[in-house]
Amino acid sequence: MDNNSFEQARGIRSWSRGKRAVLFCSCVLLVVGGILAINNVSRTAGTVNTTLDGTNSKQADSAQSNANQIPLAINGQSLNTPSFFGKSVRELLRSPSISQIDYVSRIQLNCFAFVLGERGIKLIDDLIDYQLSQMKIDRLPAGSLGFGTAQRTERIAAYQRSLKLCGELFEGRAISQEERDSARASDAGKEHLAIIRLLKDSPLRADPEVKLALSKVFSEPMLFQATGLFLSHLDYSSLEAAYGAPVSPDVRVIVSTLLLCNLGENCGAGSALTEQLCWQDAICKPNARADDAILASLSQRGVDTAALNEFVGRTYSQIVNRDTSMFFEKNK
């Protein structure tokens with residue numbers, strides 16, 4: 001995309017830094033603030049504005065040896081199973097699996113509808129009105145992925161579906177402090193917290209313990225922790241080189257979402273993540289997965305996704321092969 005298109009796209013996405021950011025960042029604090037353990041993650045719940053130049057588009061020896069022995073639990077007995085995603089947050093918190101305990105955070109991050117409740121419909125109306133006041137519909141094809149073209153009725157319907165789904169996952173009530181404390185005190189909870197502490201530094205330390213923790217995150221996989229790593233620590237230099245511009249926070253969200261779907265996140269049609277893309281971001285693709293909806297929305301705007309897809313594919317391959325250099329290269 002040329003410089004003029006970049007400037008146009010950058011102007012179009014400015015609305016995401018105002019009222020929308022305040023509204024949904026407040027929700028992030030409400031949702032994530034009191035959960036099991038807080039990793040420094042600020043995903044604007046499906047916010048996927050694209051402006052990567054306006055063009056975005058699919059351990060020490062013993063420690064490393066132990067890391068390599070951890071099987072990658074993808075498309076097997078791990079997260080990518082209906083039995084896992086059908087569990088309530090309370091079942092997940094009581095699980096001996098660190099991946100399931102960790103996923104409580106991902107569920108809450110993708111369930112703003114549960115926090116907002118019925119008043120969220122009015123907030124959606126306000127958000128749509130604000131978006132429309134900031135952007136002209138005829139400029140959308142060159143604009144941001146974060147504001148799709150779905151109509152108000154589609155978005156409200158998706159919100160209502162999300163509200164029902166998330167209400168069921170939470171059994172109609174928020175997680176209590178007692179439930180959080182109990183989860184922290186379990187063996188899995190202690191292991192979970194230990195991994196978080198190892199990965200909290202910015203930049204990450206390239207030492208055996210950290211590399212082993214990274215391997216554990218992607219082997220389980222611990223999707224909420226992976227989210228934070230992708231947003232805050234992933235080396236995006238090759239993607240920046242491909243598009244000739246710095247990677248924006250919005251592009252990081254796109255990349256992290258695509259990677260998480262590959263890692264086993266519940267990105268299927270009707271999932272909380274996919275519904276949220278519709279009601280918050282107006283990216284509504286009936287019967288489509290979240291990652292397919294994102295890529296389709298990009299393609300509709302004439303974005304060449306080749307470099308994006310190549311970056312995601314290469315990063316995923318590194319994860320599978322336990323190559324953690326992508327989290328340290330930018331620190332050199």
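**From labels to criteria**

Modeller: Let us begin with Ala282, which sits in the loop between helix 16 and helix 17. The model is predicted, so local features require pLDDT of at least 70 and side-chain atom pairs pLDDT 80 or more, whereas totals for chains, interfaces and linings take in all residues. Numbering runs from 1 along each chain as its sequence is written, and side-chain values use heavy atoms, without hydrogens or water.

Biologist: What makes a stretch a helix, and how many helices and strands does the chain have?

Modeller: Helices are DSSP runs of H or I with at least four residues, and strands are E runs of at least two, numbered from the N terminus. By that criterion the chain has 18 helices and zero strands.

Biologist: Why is Ala282 called buried?

Modeller: Buried means under 20% relative accessible area, exposed over 50%, and partly exposed in between, with a 1.4 Å probe and protein chains only. Ala282 has 2%, and therefore falls in the buried class. Its phi is positive, about 65°, although Ala282 is not a glycine.

Biologist: Asn287 also belongs to the loop between helix 16 and helix 17. Is Asn287 buried or exposed, and how do you know?

Modeller: Its relative accessibility is 76%; the threshold for exposed is over 50%, so Asn287 is exposed. Asn287 likewise has a positive phi of about 65° without being a glycine.

Biologist: What class does Val320 receive, and why?

Modeller: Val320, in helix 18 (residues 306-320), has 35% relative accessibility, which lies between the two cut-offs, so Val320 is partly exposed. Its C-alpha atom is 8.1 Å from that of Phe218, 102 residues away along the chain.

Biologist: And why does Gly228 count as buried?

Modeller: Gly228 is part of helix 13 (residues 223-232). Its relative accessibility is 3%, under the 20% limit, and therefore it is buried. For the chain as a whole, 56% of the 332 residues count as buried.

Biologist: What makes a set of residues a nonpolar core, and which members of the largest one touch the most others?

Modeller: A nonpolar core consists of buried Ala, Val, Leu, Ile, Met, Phe, Trp, Tyr and Cys residues joined through side-chain atoms within 4.5 Å. The largest has 62 residues, and Phe218, Phe230 and Val255 touch the most other members. Helix 15 (residues 249-263) makes the greatest contribution to this core, eight residues. A second, separate core has 15 residues, among them Ile128, Ala150, Trp279 and Ala282.

Biologist: Which residues line the largest cavity, and what makes it a cavity rather than a pocket?

Modeller: On a 1 Å grid over the protein atoms alone, a cavity is a set of points where a 1.4 Å probe fits but cannot get out; a pocket is an open set with protein on both sides within 12 Å along at least five of seven lines, and lining residues have an atom within 4 Å of a point. The lining of the largest cavity is Leu214, Ser215, Phe218, Gln318, Ile319, Arg322, Asp323, Thr324 and Met326. Helix 12 (208-219) and helix 18 each give two or more of these residues, and helix 12 supplies the largest share, three.

Biologist: What is the volume of the largest cavity, and how is a volume defined?

Modeller: Grid points are joined across faces, edges and corners, and the volume is the space filled by probe spheres set on the points. The largest cavity comes to about 50 Å³, and the second largest pocket to about 200 Å³. Of the 14 residues lining that pocket, Arg161, Glu275, Lys285, Pro286 and Asn287 are the closest to its centre.

Biologist: How many of the residues lining the second largest pocket are nonpolar, polar and charged?

Modeller: Ala, Val, Leu, Ile, Met, Phe, Trp, Tyr, Cys and Pro count as nonpolar, Asp, Glu, Lys and Arg as charged, and the others, Gly among them, as polar. This lining has seven nonpolar, three polar and four charged residues.

Biologist: What covers the buried residues of helix 17?

Modeller: Contact means heavy atoms within 4.5 Å, and the cover includes helix 15, helix 16 and helix 18. The buried residues of helix 17 (residues 290-300) include Ala290, Ile294 and Leu298.
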